[in-house]
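I set down what I looked up, entry by entry.

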Amino acid sequence: MGLNRAPMERRGIRERMKVLSVASECVPFVKTGGLADVAGALPGALARLGVEVRVLMPGYPAMKAALPEDAEPRALARLPGGRASVISAQAAGVDVMVLDSPRLFDRPGNPYLGPDGRDWSDNHLRYGAFCRAAARIATNGVGGWRPDVVHLHDWQAGLTAAYLKLGRRPAPPSLFTIHNIALQGLFPPAATTPLGLPRGGFHPGGFEYFGQVGFLKAGLVYADRISTVSPTYARELTRPEFGMGLEGVVASRRAEVHGILNGIDLEVWNPETDPQIAARFSARSPARKAGNRAALARRFKLRDDGTGPLFCVVSRLTRQKGLDLLLEVLPRLLARGASLALLGSGDADLESEYQAAAADNPGRIGVVIGWDEPLSHLMQAGSDAILVPSRFEPCGLTQLHGLRYGTLPVVARTGGLADTVIDANEAALRAGAATGFQFSPVSAAALADAVDRACDAFADGKLWSAMVRRAMRHPVGWGASAEAYARLYSELVEPAT
Ligand code: ADP
């Protein structure tokens, strides 16, 4: 692809690296959250730097359906869960390796939850086998392809690091990325017996977590490097409020923990070409957003008299996302002449409270419960501001979508939200740098104050449109972050002396 060797080397990026990325979800095949976006987008961004990535995914029905018919399976012997094979192919432009183990993965719907909405009772076997297969592929290769580096994502891939490090054969180095430390994959040791865990790892300095086997902990302890998805979250993880019991482990490896921001796919999220929005626009023509606002108001049956800002939320409805706080702030938001469109699903009580708020405030609050990607695009295009009041947020993607679509983020000052939004404080306004609004601490009072500040700024048309244009020009793609990953892989392959 006409790569120029010298500039890559100068940027600290080794030539022709091969990376096995081990992920339990990946866009466009299976997605429950931001991890899938990263697993799907990073390979393309790395390919532009000459790094070859193959994504190892479990063979869920949706994943297998995306494979070309002529893709050849290769048998993998002695894996828990019975007959298994790995299928290497290109699907939707991503080089994937699919672990086909029908007894473990031939289940439709959410990858982790059964039809009763609870975790599958054999998730330890499903993801333990996945990790074992990953380690086997990384160590022995498949069809002559062996990676130089293994990139592991979240607890579902964490145990791979233990198999690699404690196995008998020389294995490639690994990077473990934390997308969310709240989900740790903890299981009783007896349940994990069939996984053939490496002897010598079950102790507090290994993958034991207070008597249980910790998949995420295995990643933290045994991977050669650790990364997480923003510099601020990397620092926060060493503190008890954020580390979820693993702060000491993260702190003990502080020197090997890197914070690399997620990006978004600039093709999928492009207001100039997006087929899912009502009117296309750019930083040169932000006024055309109005057509989207009108379409969004119609969709949510909002009375749009244009006086106050239209806020939106696109989110899982959970405590993490701080949306219980927003409920408390709704009276203030409405008193300022603003309106709200919310798209999300999750906790039953939050779902019903937001539906009740919409019923009580017809024309001012609109709520859609569910998962709707096309609608999420229209919401980013048609709203004036997006609310992200998370209690913790490793990186966050919806504020990046908001920046790209000139929908100013109102965010809690935590994790990746703190790193990507420039607060409209006096200094930033004077410097012409502000792109949104941050608040701290994460409380209803501080959120209400930020909503007030956003409403005040909206009332100043000139200020608001300057901020919109600036937000739309803020870099939110993968460029710089893909380079950071490529440099990290390079260091792992050729450790600095
Ligand atoms: P998390 O991974 O914690 O859920 P992120 O902000 O990192 O949060 O990523 C969430 C992703 O899911 C974003 O791409 C967002 O647009 C999308 N999303 C969240 N809720 C919905 C929904 N109800 N419908 C469509 N997309 C959604």
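**Entry 1: The shell around the ligand**

I looked up which elements each supply at least two residues of the shell around the ligand, and found helix 2 (34-47), strand 13 (310-317), strand 14 (339-346) and helix 15 (398-404). Helices (H or I, at least four residues) and strands (E, at least two) are DSSP runs, numbered from the N terminus. Strand 13 gives the largest share of this shell, three residues.

I note that this is a predicted model, in which local features need pLDDT of at least 70 and side-chain atom pairs count only at pLDDT 80 or more, while totals for chains, interfaces and linings use all residues. Residues are numbered from 1 along each chain as its sequence is written, and side-chain values use heavy atoms, with hydrogens and water left out.

I then asked which of the 18 residues around the ligand come nearest. They are Gly 34, Arg 316, Lys 321, Gly 370 and Leu 397. A residue counts as near a molecule if one of its heavy atoms lies within 4 Å of it.

By class, I recorded four nonpolar, eight polar and six charged residues in the shell. Here Ala, Val, Leu, Ile, Met, Phe, Trp, Tyr, Cys and Pro count as nonpolar, Asp, Glu, Lys and Arg as charged, and the others, Gly among them, as polar.

Domain 1 (5-263 + 479-493) and domain 2 (286-473) each provide at least three residues of the shell. The domain bounds come from an automatic or database domain assignment.

**Entry 2: Polar contacts and cover**

A side-chain N or O atom of Lys 31 is 3.1 Å from an oxygen atom of the ligand. For the side chain of Asp 37, the distance from an N or O atom to a ligand oxygen atom is 3.5 Å. Gly 370 places a backbone N or O atom 2.8 Å from a nitrogen atom of the ligand. On its own the ligand has 570 Å² of accessible area, of which the protein covers 92%. Such areas come from the Shrake-Rupley method with a 1.4 Å probe.

**Entry 3: The whole chain**

I counted 20 helices and 18 strands in the protein chain. The radius of gyration is 23 Å, close to the 23 Å that the globule rule gives for 497 residues, so the chain is as compact as a globular protein of that length. This radius is taken over C-alpha atoms, and the rule is 2.2 Å times the number of residues to the power 0.38.

Key:
Polar contact = N/O pair within 3.5 Å; in protein donor to acceptor, adjacent residues only side chain to side chain.
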